[in-house]
Amino acid sequence: MQSQLGPLFLGSQIHGASHAATRLLALQEFKAANTVKINPDVPQKNARFLTLEARKTLLVPTPRLRSGLFNRIVPPSGATKEILRICATSQGIKEYSVPVGLDGKVRVDLVVVGSVAVSEKGWRIGKGEGYADMEYAMMVSMGAVKEETPVVTIVHDCQVLDIAEELLDDHDLTVDYILTPTRTIKTNCKRPKPQGIIWHKVSYEMLAKIPILKSLRYKEKQTGKDVTLQDEHPDLANANKSAALNEKARPGNTRPQAAMGSAQMGQQYVESDSLSPRLEGSGTITTVYVGNIPPSVRVSELKYALREFHATPLKVNWQGAQHRAFLDYKDKAAAESAVSSLKGLSLGGNTLRVELAKNQRNKGQVEINS
C-alpha cells in the first residue's frame, strides 16, 4: 500500500522508533529468535544494535535490493558496544557484512519492518516503494520464512492510525506486533501474508532494477510455477472489450451480451486477444488448433509457453471452457513451424493436441464445429 505520509512522520519515526526498539527485549518472539531480519533504515538502527548485542544473527536487506537480498552482519571478534553500534549503522553494514545468496539456506525467526503508518489491526502503510513487501515475498519464495513467522513493526505512537482495509492489496505485508515508546500491541491479524512473489505484478522495469528477482524467477520457473510478468499479461479490460467486439461482429450473433456475466461469456464464445493490429485485412492467415487443455490452465500460461517455444502467434482465440484455443499465424509456413515446435507440449499434466485447424477462412477466422 502506497503512502504520501512520509515527510509528516519522518522525525517521529527516527526518535520514536529508537525508544520503542527497547521493547523488543521483552518480546518472547525476540528472545526465542536466533536469526532476525531488520530493514536498513535509520529509524531501525537501535533495533539492529539490540539484536547484535543479544548475540543474534542479524540479516539486513541490501539497499533497494540492488545487489542481492540479504547482508549478514558479522561484527569483529570481541566487539565492544561501541563497535556494535557502528555495525548497526549504514556504514557499518557496508564494512561488517557478508552477502547471503538465494541458496544460503537461511531461516528467519523474526522479521522487523518500518512503517509510515500502521493500524492496531496489523495493516501497515510503507513508503510506497514496496520494498518491505517484496523482501518478505522473496523470503517466502526462498523458504526463509513461514506463515507463522512473526512480523514486528517499530514506530512512534502517532503513527498508529485507523487504516481502511480496502486500501490493502494482496501483496501488502501485515504485522503481528506493533512496538511504540509506550505500548506493545499484539494485532492478532487474520489477514494472510503474501504467499510469495506475485509475478504478474512484477514489471520488466522492476526486474531490471532488482537483479536477484531474475535469479529467483528462473528458479521458480524450473519448478513449474507461473512466472508471467505484468508486462506479459493481457490487459483484462482490453481483452474483454476485444472479445465483446469480436462476438458482436460475428455473423449470426443474436445473443444479448449485456445479460451475460463474465463466467457465462467465457463459456459461450471465443475470448479473443488480438496481438497484432494489422491482422485484419490479411488474407494469408493460417490457424493452428490447440486441444486437450486442462480446465485449470489459464490463457496466460498458454501464452507463456508459446513465447518459450518461440511460437508466438498474431492472435489467440481462447476457448477455455471447451478446453481448446486457436492460434493465428501470418502464413502457412509460420503455422507449420509452430505446430512442429509445440508437439509434445504439456500443460497442467495434459499433453496438448496441436495441429493445423481443419477449416481455414480468410482474415484469420476459424470455422468452429462443436
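## Working through a predicted fold

Val 299, Ser 300, Leu 302, Lys 303, Tyr 304, Ala 305 and Leu 306 of helix 11 are all buried. Here, buried means under 20% relative accessible area, exposed means over 50%, and partly exposed is anything in between, using a 1.4 Å probe and protein chains only. Helices (H or I, at least four residues) and strands (E, at least two) are DSSP runs numbered from the N terminus.

A bit of housekeeping: this is a predicted model, where local features need pLDDT of at least 70 and side-chain atom pairs count only at pLDDT 80 or more, while totals for chains, interfaces and linings use all residues. Residues are numbered from 1 along each chain as its sequence is written, and side-chain values use heavy atoms, with hydrogens and water left out.

**Exercise 1. Work out why helix 11 counts as largely enclosed.**

*Solution.* Start with the span: helix 11 covers residues 299–308. Next, look at the burial: 7 of its 10 residues are buried, so the rest of the structure largely encloses this helix. Finally, step past its end to His 310, which follows helix 11 and has a positive phi, near 50°.

**Exercise 2. Which residues touch the most other members of the largest nonpolar core?**

*Solution.* First, the term: a nonpolar core is a set of buried Ala, Val, Leu, Ile, Met, Phe, Trp, Tyr and Cys residues joined through side-chain atoms within 4.5 Å. The largest one has 37 residues, and Val 108, Met 138, Ile 197 and Leu 213 touch the most other members. Now see who contributes: strand 5 (110–113), helix 6 (131–141) and helix 8 (211–222) each give two or more residues. Helix 6 supplies the largest share, 6 residues. Zoom in on Met 138: leaving out residues up to four places away in sequence, Met 138 touches Leu 65, Leu 69, Ile 197, Ile 212, Leu 213 and Leu 216. Apart from this core lies another of 27 residues, including Ala 17, Ile 38, Phe 49 and Leu 110.

**Exercise 3. Which strands are joined to strand 14 by bridges?**

*Solution.* Two strands pair if DSSP finds at least two bridges between them. Strand 12 (residues 286–291) runs antiparallel to strand 14, with 6 bridges, and Gly 291 stands opposite Arg 324. Strand 13 (residues 315–319) is antiparallel to strand 14 too, with 5 bridges, and here Gln 319 stands opposite Arg 324. Strands 13 and 14 form a hairpin with 4 residues between them, and His 323 in the turn has a positive phi of about 60°. As for cover, 6 of the 6 residues of strand 14 (residues 324–329) are buried. Arg 324, Phe 326 and Asp 328 point one way, and Ala 325, Leu 327 and Tyr 329 the other.

**Exercise 4. Are the faces of strand 8 covered or uncovered?**

*Solution.* Take one side of strand 8 (residues 151–154): Val 151 and Thr 153 are buried there. Now the partners: strand 5 runs parallel to strand 8 through 3 bridges, with Val 111 opposite Val 151. Strand 9 (residues 177–179) is also parallel to strand 8, again through 3 bridges, and Thr 153 faces Ile 178.

Notes
Contact = heavy atoms within 4.5 Å.
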